[in-house]
Amino acid sequence: MSTNSSQMPSARELYSLDNPIFCCYVFWATVLVAKMLLMSTLTAVQRFRYKLLGLVPLGLRRKIFPNQEDLFFKNTEVQFNDPHVERVRRAHRNDMENILPYFIMALIYISTNPDATVACNLFRVASVARLVHTLVYAVYPVPQPARVIAFASMQLITFYMAAVVALRTLRFI
């Protein structure tokens, strides 16, 4: 990174693993991508919901499949409206609607050369909020306001980063 505080670092310096802000972003973005990929697995688990490690009572087993070609068990039909599967799918869709814009905004935010402590804490809080959102929405549903707080945390952070970018670039319009 550039040591002259009056000079803006180059893009090569900002988006380098030598920049602690970018490293923090890369780590937490990786965590969120892995979480989003695991949502597909969680959907499949909800579709099968067999007794895994003794956690699911025998009476709660499900065989929910959305496509005719997936019906490899006897006595199963195509189903689209299982509440457990749909809850996980809604959580996954919510991830895509919120995490993907966050990724873009956070990368643009890094280009403003923000304070490292502030930026890294924003990335941490936003990521943990999304992990909590998944837990309280798709894994172990709890009453509100837990989900709203987790949802709003990332939203507010994304809007904050957008505001910082807008204010720092306004003079160039």
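Is Thr112 buried or exposed, judged by its relative accessibility? In this predicted model, Thr112 has a relative accessibility of 12%, and because buried means under 20%, Thr112 counts as buried. When its neighbours within four places in sequence are left aside, Thr112 is in contact with Met8, Val164, Val165 and Arg168.

A search of the whole structure finds seven aromatic pairs. In one of them, the ring centres of Tyr15 and Phe22 lie 5.7 Å apart with the planes at 90°, so this pair is edge-to-face. As for the accessibility of these two partners, Tyr15 is partly exposed, with a relative accessible area of 32%, whereas Phe22, at 14% relative accessibility, counts as buried.

Another pair is formed by Tyr25 and Phe103, whose ring centres are 6.5 Å apart and whose planes stand at 85°, so that this pair, too, is edge-to-face. Tyr25 lies in helix α2 (residues 20–48) and Phe103 in helix α3, and the pair therefore ties together parts that are 78 residues apart in sequence. Both partners fall under the 20% cut-off for burial: Tyr25 counts as buried at 8% relative accessibility, and Phe103 is buried with a relative accessible area of 12%.

What forms the nonpolar patch on the surface that has about 340 Å² of accessible area? The patch consists of Leu135, Val139 and Tyr140, which have that accessible area together. Of these residues, Leu135 is found in helix α4, and with a relative accessible area of 48% it is partly exposed, a class that lies between the limit of 20% for buried residues and that of 50% for exposed ones.

A further aromatic ring is involved in an arrangement with a charged side chain: Arg147 lies over the face of Tyr137, at 4.2 Å from the ring centre.

Definitions and conventions: Residues numbered from 1 in each chain as written. Predicted model: local features only at pLDDT ≥ 70, side-chain atom pairs only at ≥ 80, totals over all residues. Heavy atoms only, no water. Buried < 20%, exposed > 50% of the residue type's maximum accessible area, 1.4 Å probe, protein only. Contact = heavy atoms within 4.5 Å. Patch = residues over 30% accessible without salt bridge, like charges linked within 9 Å, V, L, I, M, F, W, Y side chains within 5 Å. Areas by Shrake-Rupley, 256 points an atom, 1.4 Å probe, with all protein chains shown as cover. Salt bridge = Lys/Arg side-chain N within 4 Å of Asp/Glu carboxyl O. Helix = DSSP H or I, 4+ residues; strand = E, 2+ residues; numbered from the N terminus. Phe/Tyr/Trp six-rings, centres within 6.5 Å; stacked < 30°, edge-to-face > 60°. Lys NZ or Arg CZ within 6 Å of the ring centre and 35° of its normal.
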